[in-house]
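Here is a short tour of one protein chain, written for someone who likes cut-offs stated along with the values. Have the viewer open and follow along.

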Amino acid sequence: MRDDFKEILRLVRPGSRVLDVGCGEGELLELLTREKQIDGQGLELSGEGVGACLARGLAVVQGDADRDLDHFPTKAFDYAVLSKTLQQVRDPKHVLSELLRIADRAVVSLPNFGHWRVRWALLTTGRMPETKSLPEPWWSTPNIHLCTLRDFTDLCDVLELRIETCSVLIPGRPARMVDPSRAIENWRAETALFLLSRKAEPALAPTPPPGDLFD
């Protein structure tokens, strides 16, 4: 089982409504359905992925996250999941904003381009790095918007999103909860997984009775 799937399984409440964006062949949806009895739906671009999901008996629609998230109703889900896909979309800001319109919470995992191995590879070779979380050469990678932890947390601030939890994922090791605002984590985290929600609207102060205005 993928390390990020284990952490997503831990975070999602039983019986929740879940949208898996870029669901691939449906491994995560099937896992959540079996282990957490979710009411799940997938959105997948490739016809092969859609066919594999249907063969598993999963609810899935074919679509592009950049365009088709706009068609989902507001607050239709409890969770929207985007697992190692944000760096592949054309408009990450729009996609992330739509996830938190569609769902109460978003679970987002992404490779960290600020990891020390990436920095070291750039420094010593002068070429785009290839690591376990970024295995493809630059000319064939599907990633078009790579970012660091700091870049991602800055985008969350711009969109006024709350980071409820952040976990660092290292293959073969348990997920480690971290504070993503700490500079050291931007060096140490190879892959990070975030649980996000909208920041609450500030409560309006009650209007005082007319007779109290000038007391």
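Is Lys84 buried or exposed, or partly exposed? With a relative accessibility of 34%, Lys84 counts as partly exposed; buried means under 20% relative accessible area, exposed over 50%, and partly exposed in between, with a 1.4 Å probe and protein chains only.

A word on the source comes next. This is a predicted model, in which local features need pLDDT of at least 70 and side-chain atom pairs count only at pLDDT 80 or more, while totals for chains, interfaces and linings use all residues. Residues are numbered from 1 along each chain as its sequence is written, and side-chain values use heavy atoms, with hydrogens and water left out.

## The chain as a whole

Eight helices and eight strands make up the secondary structure count of the chain. Both are DSSP runs numbered from the N terminus: helices are H or I with at least four residues, strands are E with at least two. Along the principal axes, the C-alpha atoms fill a box of roughly 75 × 45 × 30 Å. The chain has 215 residues, and 46% of them count as buried.

Contact here means heavy atoms within 4.5 Å. If you take the contacts between residues at least 6 apart in sequence, 67% of them join residues at least 24 apart.

## Helix α1 and its partners

Helix α1 covers residues 3-11, and its buried residues are Asp4, Phe5, Glu7, Ile8, Leu9 and Leu11. They pack against α2, β4, β5, β6, β7 and β8. An α-helix has 3.6 residues a turn, so residues three or four places apart point the same way.

## Rings and a charge

How many aromatic pairs does the count come to? The answer is two, where rings of Phe, Tyr and Trp (its six-membered ring) pair if their centres lie within 6.5 Å, and planes under 30 degrees apart count as stacked, over 60 as edge-to-face and the rest as tilted. One of the pairs is Phe152 with Phe194: the ring centres are 4.5 Å apart and the planes meet at 45 degrees, so this pair is tilted. It links distant parts of the chain, since Phe152 belongs to helix α7 (residues 149-158) and Phe194 to strand β8 (residues 191-198), 42 residues apart. Phe152 is buried at 2% relative accessible area, and Phe194 is buried at 0%.

There is also a charge over a ring: the charged end of Arg119 sits over Trp187, 3.9 Å from the ring centre. The rule asks for NZ of Lys or CZ of Arg within 6 Å of the ring centre and within 35 degrees of the ring normal.

## Loops and positive phi

| Residue | Phi | Loop |
|---|---|---|
| Gln37 | about 50 degrees | between α2 (27-36) and β2 (39-44) |
| Lys84 | about 55 degrees | between β4 (77-83) and α5 (92-102) |

The loop between β4 and α5 also holds Thr85 and Asp91. Thr85 is buried at 14% relative accessibility, whereas Asp91 is partly exposed at 36%. Not counting residues up to four places away in sequence, Thr85 touches Val21, Gly22 and Ser109.

Pro111 lies in strand β5 and is buried, with a relative accessible area of 5%. Beyond its neighbours within four places in sequence, Pro111 is in contact with residues including Gln87, Leu146, Cys147 and Glu190.

Asp39 lies in strand β2. Setting aside neighbours within four places in sequence, Asp39 is in contact with Ser16, Arg17 and Val18.
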